Amino acid sequence: MEEPKIAAKQPSMQSLKPGTYFWCACGKSSNQPFCDGSHKDTPFTPVQFKIDEQKDVWLCQCKHSGNKPYCDGTHNDL
């Protein structure tokens with residue numbers, strides 16, 4: 001099974017407004033941590049998530065979180 005590319009070994013803090021977002025699951029996006037369509041040659045698909053009110057979130061960039069798209073600290077063990 002193909003592993004995602006580790007984009008970074010730390011999360012990305014994002015101040016997001018209400019809306020729908022697509023988190024990059026493959027690690028190849030040039031718009032990390034968001035999808036830019038680079039997954040098309042991989043078995044990965046982006047993770048859609050919704051924000052209901054403006055808030056700060058910590059999004060995973062190592063692509064191995066058990067709570068995708070959010071960071072759960074897994075990058076500390078890679």
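**Entry 1: His 39.** I began with the neighbours of His 39. Leaving out residues up to four places away in sequence, His 39 touches Cys 26, Phe 44, Thr 45 and Pro 46. I note here that the model is predicted. Next I looked up where His 39 sits. The residue belongs to the loop between strand 2 and strand 3. Is His 39 buried or exposed? Its relative accessibility is 16%. Buried means under 20%, so His 39 counts as buried.

**Entry 2: Gly 27.** I stayed in that part of the chain. Gly 27 lies in the loop between strand 2 (19-23) and strand 3 (47-51). I checked its accessibility and found 4%. Gly 27 therefore counts as buried. Which residues does Gly 27 touch, not counting those up to four places away in sequence? I listed Lys 5, Ala 7, Gln 32 and Lys 63. I then took up Lys 5 again. Gly 27 and Lys 5 are 22 residues apart in sequence. In space, their C-alpha atoms are 4.5 Å apart.

**Entry 3: the fold.** I stepped back to the chain. How many helices and strands does the chain have? I counted 0 helices and 4 strands. Along the sequence the pattern reads β-β-β-β. The radius of gyration is 12 Å, close to the 12 Å that the globule rule gives for 78 residues, so the chain is as compact as a globular protein of that length. I also noted the extent of the C-alpha trace. Along the principal axes it spans about 35 × 30 × 20 Å.

**Entry 4: contacts and burial.** I looked at contacts between residues at least 6 apart in sequence. Of these, 56% join residues at least 24 apart. For burial, I found that 38% of the 78 residues count as buried.

**Entry 5: surface and charge.** The accessible surface of the chain comes to about 4,700 Å². Carbon and sulfur atoms hold 46% of that surface. I then looked up the charges. There are 9 positive and 9 negative side chains. The centres of the two sets lie 4 Å apart.

**Entry 6: the record.** I looked at each span in the model. Residues 9-45 are 0% helix and 27% strand, with end C-alpha atoms 20 Å apart. Residues 46-77 are 0% helix and 31% strand, and their end C-alpha atoms lie 23 Å apart.

Note on methods:
Residues are numbered from 1 along each chain as its sequence is written. This is a predicted model: local features need pLDDT of at least 70, side-chain atom pairs count only at pLDDT 80 or more; totals for chains, interfaces and linings use all residues. Side-chain values use heavy atoms; hydrogens and water are left out. Helices (H or I, at least four residues) and strands (E, at least two) are DSSP runs, numbered from the N terminus. Buried means under 20% relative accessible area, exposed over 50%, partly exposed in between (1.4 Å probe, protein chains only). Contact means heavy atoms within 4.5 Å. The radius of gyration is taken over C-alpha atoms; the globule rule is 2.2 Å times the number of residues to the power 0.38. Accessible areas come from the Shrake-Rupley method with a 1.4 Å probe; for residues, only the protein chains shown count as cover. Lys and Arg count as positive and Asp and Glu as negative; His and the chain ends are not counted. The place of a charge is taken as NZ of Lys, CZ of Arg, CG of Asp or CD of Glu.
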